Amino acid sequence: MLALTELGQRLRQERESKGLSLEDLQKLTKIQKRYLLGIEEGNYEVMPGKFYVRAFIKQYCEAIGLDTDAIFEEYKSDIPSTQTEDMPQQLSRVRSRKEIPQHTKGVSKAYDYLPTVLVVAGVVVVGIIIWVIAQNIVSDKNKEQANQEAPNSEVQQSNTQEETNETTAKNDNSNSEDEQSAADKKEQEKEKAEKEKAAKEKAEKEKKDSGKQEYKEVQKTGRSATYALSGTDAFNLEVTSTQADTWLDVKNGKGNAFFSSILKKGETKEFDLTKETEARVNIGYSPGVELKVNGKAVDLPFDSSKQVRQVVTIQYQPAEAQ
């Protein structure tokens, strides 16, 4: 086993302090485990190239919550430069005609006969289709002739039975029309009253809630942003990961952790922070992460495709204290 570099020791200690295995980190970063182990051991020879070394180290740092720029500056002697990047040793080449195996010539000749075979097969298929259509036409004509020769008495009997059924149905309907009409009218009045009540309650609630909760940006710097929450007596935070596993760290203003672990894909965590004045949300892999404050969705401060790791600080001031 290779001796760990100072950078490798730092990364491994930070990973283990968060309770992450190499398998967990592989799921977060989508980097093969052997490359992650190579980073920790300083064995960069296992990487596809020097460019990948720097890119993999950057993803490693972001997944465990380290500042990438600071790490690259502090351990620049341990991280190779990409200025002398070598081309991959194995490149695909087009084989010359001399290198083509002789046994493939027979296959080539077989392909020469393929168009003829396809034409013959097409003719056979068209013939079968025409035969099936002709059989269906003959069958339909026979059925039509049989129906025309049926005794008129059967038709008359059917018409008489239909008239009897219609008369009976009309009598039954006339007896129940008045009762049904009264029941329908009563039900319609009830539905109308319920809709009016619901609309009134909704309007009153919207009027009551309008202008209350306010969530606004205070500042942005680097990958961090601060927001102010006011106009409400509750501070409930909801975090959901919809695309992939992510590292999630939620602390209050004093540094006490409410959650510090992996948030699985499709998992949601809820936090009641009403008694806190500040909350700091550290998201290791922001694509697909959704935030809600008091049940209302709020946007992440940065474009997730450009800023994978994001830190959101929410300062809370209850309405009663304002």
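**Exercise 1: An aromatic pair**

In this predicted model, Phe-235 and Tyr-316 are both buried.

Task: Determine how the rings of Phe-235 and Tyr-316 are arranged, and which parts of the chain they tie together.

Solution. A pair of aromatic rings is described by the distance of the centres and the angle of the planes. Six aromatic pairs occur in the structure. For Phe-235 and Tyr-316, the distance is 5.2 Å centre to centre, and the angle between the planes is 45 degrees. Planes under 30 degrees apart would count as stacked and those over 60 as edge-to-face; the pair is therefore tilted. Next, Phe-235 is located in the loop between strand S2 (224–230) and strand S3 (236–241), whereas Tyr-316 belongs to strand S10. The pair therefore ties together parts that lie 81 residues apart in sequence.

**Exercise 2: The sheet around S10**

Task: State the strand order of the open sheet that contains S10, and explain why one side of S1 and of S5 is left without a neighbour.

Solution. The order of the six strands is S1-S2-S10-S7-S4-S5, with mixed pairing. Strand S1 (214–221) and strand S5 (257–263) are at the edges; each has a single partner strand, so one side of each lacks a neighbour in the sheet. On average, neighbouring strands are turned by 15 degrees against each other, direction ignored. Within the sheet, S7 (residues 278–283) and S10 (residues 310–316) run antiparallel and are joined by six bridges. Ile-283 stands opposite Gln-310 in S10.

**Exercise 3: A charge over a ring**

Task: Identify the ring over which the charged end of Lys-220 sits.

Solution. The ring is that of Phe-302, with the charged end of Lys-220 at 5.3 Å from its centre.

Terms used:
Residues numbered from 1 in each chain as written. Predicted model: local features only at pLDDT ≥ 70, side-chain atom pairs only at ≥ 80, totals over all residues. Heavy atoms only, no water. Pairing = 2+ DSSP bridges. Helix = DSSP H or I, 4+ residues; strand = E, 2+ residues; numbered from the N terminus. Axes fitted to C-alpha atoms, helices over the stretch in contact; angles between N-to-C directions. Phe/Tyr/Trp six-rings, centres within 6.5 Å; stacked < 30°, edge-to-face > 60°. Buried < 20%, exposed > 50% of the residue type's maximum accessible area, 1.4 Å probe, protein only. Lys NZ or Arg CZ within 6 Å of the ring centre and 35° of its normal.
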